[in-house]
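Reader: I like to see the criteria behind each label. Please take me through this one, giving the cut-off and then the value.

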Amino acid sequence: MEEKKNNAVEKAERILSGKEGENPERAERAKTAPKKSSRAKEREKKRLAAARKKAHRLAEKQKAKAAAIREKNRRKAELKQRKAAVKAEKERRRDMLKNETEKQREARITEEKAAKARYREQKAENREKERRRKMQLKAAKAERRDKNRQKRKERNRGTGGWLAAVISLGVCSLVLASVLTFTFLMPTESENMLETSYRRSFYDTVEQVNNMDLNLSKVLASKDGVAQQTYLVDLAVNSELAENDIQQLPLKDESKYYTTKTINQIGDYAKYLGKKLAEGQELSDEDRQNLTMLYKANAEIKAALDRMTEGMGPDYSFSALSDGNAGDIVISNFSDLENLSVEYPELIYDGPFSDGQDRIEAKGLGTGTITERQAEEMFIKLFADYSPANVRAEGYTEGVIRCINVYGETDGEQMLAQFSETGGKLIMFSYAGRCESVEYDGDTAAEKALSFLSAMGIEGMKPVWINLANNVYTINIAAEQDGVIIYSDLIKVRVCARTAGVIGVEAAGYFTNHTERVIAKPALTVKQAKAKVFSGIDVITSRLAVIPVGENSEKLCYEFSGTYDGSTYYVYIDAATGRQVEMFKVIKSTEGELLM
């Protein structure tokens, strides 16, 4: 580089001195020509200096360009190495989790808990150090301020009027700044409503979990079948309400997954035992052992909620949960509860939250597998109307359906979707949204939900239940085949009542069970089946439906809806035998209308 610069300067000097490309005749003329004036010589010097500067700038520019290219290549190589390291670490952890024994899993969880505790302790220690440092700085600043004030007093004696005017102006400015700061920092009305909604959901969760604790203890302490049935019904209702309340909190799904699963399992098992008692059976020793285990699991949830309540303080912000701060008292306690399900034996029984469901093979996924990059592309395409930013795939979720987790952001809120690795189907979607009011009715919400399912590639669906709670419609949409409702192929879609936008999808049940069925012709007519319904129920509607029974079976039933004693009931009569298979009652609560 330096050699090029010197060559350029030498060339410029030769040109300016007239030696570049000169011939003998020109040299002879130059000897006989009159001497140049001093002004001409000065101009030549300036041109020579300019040529040198230009050559220097060119050389420096080329040098900087080469350095930039080297730096770019270095960063690129470094980024590639980091990505490879992250990928290798993910694969190593995936293999480790896949092959680890129960004992290794328990040891890992213990170590992770200890690491979290150390992290919290270190963070608390750092906060204390920072607090002390700030106090020291504040004290030093106050001391300097006092010294400066004393110096000004001594220096400015006799200037009291001018100083008073300046101080008055400063006070006015301070008051104005305080007013403006107060105005900007005051939360808006919608933010207050959202915070109130989150706060109510949390304390309702605490209340329902306490009720679950009470009813579990009553079932275990009772021998009378009728009393046990009463407590089990209450327990199922408590579980349903607690699960709905937890889902309203702005927590990441991975933080509340095991808690909601345990609560759902308690309610589901309560229904299973209640049905067993209704058929004239008694609770076995195994049933009581399972109830005892669930009672202990619920007690841990109750204790964690108590710790949260005691530690959050009067100014705690539930809205801040969406930030995902690992040190937050609510988030950390929910994260600790993630290990609940591995500490208790599996419950195998007839119910949708039975651990035996994990052994079922999904039927509706199709073939082929997708990569994380393809999952990101599917996310961007499916949620294009949300204008998502920072879309990235982060790890997998194991279960009946192995899913790729994809995150995105819109309007300051996080979006999470899970796409099945096999078939690339949207299994779950969650987005908080801002649902502060009701601007759309249920029919419009149902249309939006069906349109979204159509964009997913799912057709032939029919809304079977719509519930409005906390300004959000939850719409149960089932498959329909030959005019028969297939309740096994059910999808739950959540729609914001303010924007009519889809903010949640749960399609695991649909893709687990969906297949083309051969539906037998019913042995009974609708009139014969209706005769099997209690005469006190004023039947309003009737239709054929396939409903799930147990883990892997289904029954073709007549579904009758009607009213009795001011309440609405849904009764399911076996279309082949005429026996009552199931019955639901519509319960009105703070969470809307629930089927129990």
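Author: Gladly. Helices (H or I, at least four residues) and strands (E, at least two) are DSSP runs, numbered from the N terminus. Glu 582 has its place in one such run, strand S12 (residues 580-589). This is a predicted model, in which local features need pLDDT of at least 70 and side-chain atom pairs count only at pLDDT 80 or more, while totals for chains, interfaces and linings use all residues. Residues are numbered from 1 along each chain as its sequence is written, and side-chain values use heavy atoms, with hydrogens and water left out.

Reader: What makes Glu 582 count as partly exposed?

Author: Buried means under 20% relative accessible area, exposed over 50%, and partly exposed in between (1.4 Å probe, protein chains only). Glu 582 has 30% relative accessibility, so the label is partly exposed. Its C-alpha is 5.2 Å from that of Tyr 572, 10 residues apart in sequence.

Reader: And why is Ala 270 called buried?

Author: Ala 270 has 2% relative accessibility, so it counts as buried. This residue belongs to helix H8 (residues 253-278).

Reader: Which residues of helix H10 are buried?

Author: They are Val 330, Ile 331, Ser 332, Asn 333, Phe 334 and Ser 335. That is six of the eight residues of H10 (residues 329-336), a helix that is mostly covered.

Reader: How do you know that Asp 489 and Arg 517 form a salt bridge?

Author: A salt bridge is a side-chain nitrogen of Lys or Arg within 4 Å of a carboxyl oxygen of Asp or Glu. For Asp 489 and Arg 517 the N to O distance is 2.8 Å, and the pair is a salt bridge. Asp 489 sits in strand S7 (residues 484-496) and Arg 517 in the loop between helix H13 (508-513) and helix H14 (526-530), so the bridge ties together parts that are 28 residues apart in sequence. Both Asp 489 and Arg 517 are buried.

Reader: Which residue has its closest N and O atoms 3.0 Å apart from those of Arg 517 in a salt bridge?

Author: That residue is Glu 554. Glu 554 lies in strand S10 (residues 553-564) and Arg 517 in the loop between H13 and H14, so this pair ties together parts 37 residues apart in sequence. The two partners get separate labels: Glu 554, at 35% relative accessibility, is partly exposed, and Arg 517, at 13%, is buried.

Reader: What makes Glu 559 and Arg 543 a salt bridge?

Author: Their closest N and O atoms are 2.7 Å apart. Glu 559 is in strand S10 and Arg 543 in strand S9 (residues 538-549), so the pair ties together parts 16 residues apart in sequence. Glu 559 is buried at 2% relative accessibility, while Arg 543 is partly exposed at 25%. Elsewhere, salt bridges with shared partners join Arg 373, Glu 376 and Glu 377 into one network. The whole structure holds 14 salt bridges.

Reader: How many aromatic pairs are there, and why is the pair of Phe 202 and Tyr 203 called edge-to-face?

Author: The search finds 16 aromatic pairs. The ring centres of Phe 202 and Tyr 203 are 5.2 Å apart and their planes stand at 85 degrees, so the pair is edge-to-face. The rule is that rings of Phe, Tyr and Trp (its six-membered ring) pair if their centres lie within 6.5 Å, with planes under 30 degrees apart counting as stacked, over 60 as edge-to-face and the rest as tilted. Phe 202 is buried at 1%, whereas Tyr 203 is partly exposed at 33%. Ring pairs also link Phe 379, Phe 383, Tyr 386, Phe 429, Tyr 431 and Phe 452 into a cluster.

Reader: Which residue lies over the face of Tyr 396?

Author: Arg 402 does, at 4.0 Å from the ring centre. The criterion is NZ of Lys or CZ of Arg within 6 Å of the ring centre and within 35 degrees of the ring normal.
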